[in-house]
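Try each task before you read its solution.

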Amino acid sequence: MKYMSTRGQVPPIGFTEAVLMGLADDGGLLVPEHIPQLDGAILKQWQNLSYPELAAEVFSLFTGDDIPREDLKQLAENSYATFRHEDVTPVRKLDDRRYVLELFHGPTFAFKDVALQFLGNLYSYISQKTNSIIHILGATSGDTGASAIEGVRGKAGIRICILHPHQRVSKVQELQMTTVDDENVLNLAVKGTFDDCQRIIKELFADVPFKQQYHLRAINSINIARVLAQTVYYFYAYFQLRKQGEEAPVSFSVPTGNFGDIFAGYLAKRMGLPVQRLILATNENNILARFVNEGVYEPGSFRETYSPSMDIQVASNFERYLFYLYGEDSRQTAEWMEQFKREGRIAVAGEKLDQVQRDFAAYSVGNEECLDAISAYHAQYAYLLDPHTACGAAAADKLAQDGEAAVVLSTAHPAKFNEAIERRGLPQTFPDPIQALFDKPQRQTVVDSTNEEVKKQLVSFFQ
Ligand SMILES: *Cc1c(COP(=O)(O)O)cnc(C)c1O
């Protein structure tokens, strides 16, 4: 399998190179040359596989000759052995037609572990195979950083530096990052906002000689390996429902911000997984829901919400969907993105908008509605939702149709976002690994939000 850019200006490259490239060199996103098509016979074969076995099968369709099957199996085994649940991503049945797909059983209690445990091992594997140095640089508003650090801590050949806004991430998120004592981890707490962190990272990556000299790699959600790792649980969940005797058509409700998680579902469907509908749930930062419902993709003004990991103005994976919406036409995609840069908006209408609305149903969940869903699910099912998952649940309640089984993707453990839970005075239990964080020493370096300051730290760390 070869990979190409959504903007068409990158010569075809293999899987390994695509993983290392992250963002395509022409500014686009990397996509597989074609989407593998699965027939009923293959789905049947996959039905009874364990999660790691299934992950290896899915990846084998995308890795071409780059990674032998046995190595893929080992990678998947190692990546999912760190999960606390034997099913890795178990499905919980709440009632007749409502299910929750729990994606938070990894080391940091958020769904990003599913992809980043795998990506961490993959980077380590590539580093050993190709004898190359991998220095990961990223910015986080909380979850990605913790998850990325867990994915590579202590691994040979890899160092990681994560920028987070000083005292502007949740306490648990801060502790998850800064109590890691491995020598290959550097936490920079930037005196500023998440946007400052992101701007610095972007500018450092744009400094090509610096990037090359220090072997900088990205971990953000535009990496194709992350998307592929996330398609696996759609298949796995579907098989679990069928095994639990559910015969109705299956829909997924996905709380999304960067369009990563739901794009993985779209890809699974395009590969042939019989998905009835994909319900896209946003919080009040609802650029994606407005796009699906009105055809206009245009950032709104920033709103504070209870689900900060979905507080996104511009969705970094959206370009991949545009590319497929326009029949894999890279020239058209590049034009749209040019226009977006120039005018700050993209508008589709007519047949294209119909297609969008066949691909997704979307709902934007208000702050109170989010808390209401937490209360309602607790009262009705004695099940505690985190505020991100609650957006998915509220959207499913609004849009799920009679006769379909709706699976809500649960993207975080409620203990990770206790503030919302406290608002409704609901009982919370902190799992032991989270509780234990409060007693550990922290390691972080507080820096001013300037490129020079961050660069200085990087140079001494990556030397
Ligand atoms: C990152 C994140 C999301 C959003 O995922 P996308 O890939 O941006 O759609 C939702 N919930 C939680 C808890 C997250 O950490």
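**Exercise 1.** Find which strands helix 12 lies across.

Solution. Start at residues 287-294, which make up helix 12; helices (H or I, at least four residues) and strands (E, at least two) are DSSP runs, numbered from the N terminus. This helix lies across strand 10 (275-282) and strand 13, and runs at about 130° to strand 13. Such angles go from 0 to 180 degrees between N-to-C directions, with axes fitted to C-alpha atoms, for helices over the stretch in contact (heavy atoms within 4.5 Å). Next, look at helix 17 (residues 387-399): it packs on the sheet and touches strands 4, 9, 10, 13 and 14.

A word on the model: it's predicted, so local features need pLDDT of at least 70 and side-chain atom pairs 80 or more, while totals for chains, interfaces and linings use all residues. Residues are numbered from 1 along each chain as its sequence is written, and side-chain values use heavy atoms, leaving out hydrogens and water.

**Exercise 2.** Work out the strand order of the open sheet.

Solution. Six strands line up as 3-4-14-9-10-13, with mixed pairing (two strands pair if DSSP finds at least two bridges between them). Strand 3 (91-95) and strand 13 (360-364) each have a single partner strand, so one side of each is left without a neighbour in the sheet. Now zoom in: strand 4 (residues 98-102) and strand 14 (residues 405-410) pair in the parallel sense over five bridges. There, Arg-98 sits opposite Ala-406 of strand 14.
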